[in-house]
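Q: Please take a close look at one helix in this structure and at what surrounds it. Where does the helix sit, and which of its residues are covered?

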Amino acid sequence: MSSAQAQTLQDYDWSGPYIGASLGAAHNRASFDASTSDGFVGSYFTPPDPEQIAGEADKSASRSRLSAGLFGGYGQQFDRLYLGLEAGLNSLSFDESSSSGGIYESNTTASFTNEVSVKSDWQASLRARVGWTEKRWLAYLTGGLAASRIRMDATFSDNLATGAFGSASDNDTKLGWIIGLGGEYALSESWTIRAEYLYADYGKADTTAVVTNSNYPTLANDLKSSVDLKTQILSVGVAYRF
């Protein structure tokens, strides 16, 4: 390596645009719950059905999957301070379900089942990066907005008389917040490697089914099923800087 190249690496300038790819693991967790009401004229459920349905539905599911990603951004170095903006896309491959139910406490001759599934294939983010440089090293914090398309399917049924039934689906892009940290090292003037951790929280996604029983045509209830989705991604990546 020439003395000029050595000096370039020693005093590496992180300013400019870049693109890259990453590979790692995504750990996703979904917390399920359900809510409904009773005590009004025309209610199919009777006390303590809402509390029992909610209690049985209070579950969670988690899974880890291989996650591939693409990212790109622009940054500017001010002495040792680094400020930048980055967009990224990661695969999640999350597909989980929860099944709950039991014998009605209000009527021990009948039982109910409540099934909820959630699916999310990808996560996109737009994040600020604030870091500190030291020769060929860059350590940074990052945070911003995250987005993921979350699909929910919910089905409720029981075997009271002719049986009650209700189902609902939702398939929307949900916004959340994302934070993380990472470190990057310059291999050459154009190529860098990195390790990064990201945590995203999408809050609650929900869908509402109307529960009816043909044996009681004047009675019905709305049953809202919710999923609270959180993701964590740990990855290593390589970037090309222009």
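A: Two strands count as paired if DSSP finds at least two bridges between them. Helices (H or I, at least four residues) and strands (E, at least two) are DSSP runs, numbered from the N terminus. This is a predicted model, in which local features need pLDDT of at least 70 and side-chain atom pairs count only at pLDDT 80 or more, while totals for chains, interfaces and linings use all residues. Residues are numbered from 1 along each chain as its sequence is written, and side-chain values use heavy atoms, with hydrogens and water left out.

Start with the setting. The protein has 2 helices and 8 strands, and from the N terminus on the order of elements is α-β-α-β-β-β-β-β-β-β. The 8 strands form a closed barrel with antiparallel pairing, in the order β1-β2-β3-β4-β5-β6-β7-β8. On average, neighbouring strands of this sheet are turned by 15° against each other, direction ignored; axes here are lines fitted to C-alpha atoms, for helices over the stretch in contact, and angles run from 0 to 180 degrees between N-to-C directions.

Strand β2 (residues 59-78) pairs with strand β3 (residues 81-103) in the antiparallel sense over 10 bridges. Phe78 has Leu81 in β3 as its bridge partner.

Now the helix. Helix α2 (residues 49-57) packs on the sheet and touches β1 (16-35), β2, β3, β4 (111-134), β5 (137-158) and β8 (220-241), where contact means heavy atoms within 4.5 Å. The direction of α2 makes about 145° with that of β1.

Which residues of α2 are buried? They are Asp49, Pro50, Gln52, Ile53 and Ala57. Buried means under 20% relative accessible area, exposed over 50%, and partly exposed in between (1.4 Å probe, protein chains only). Seen down the axis of α2, the buried residues fall within an arc of 165°, so they line one face of the helix; the arc is that of the directions from the helix axis to the C-beta atoms. The cover over these buried residues includes β1, β2, β3, β4, β5 and β8.

Asn114 lies in strand β4 and is buried, with a relative accessible area of 3%. Leaving aside neighbours within four places in sequence, the contacts of Asn114 include Ala57, one of the buried residues of α2. Among the other contacts of Asn114 are Ala34, Ser98, Thr155 and Leu223.
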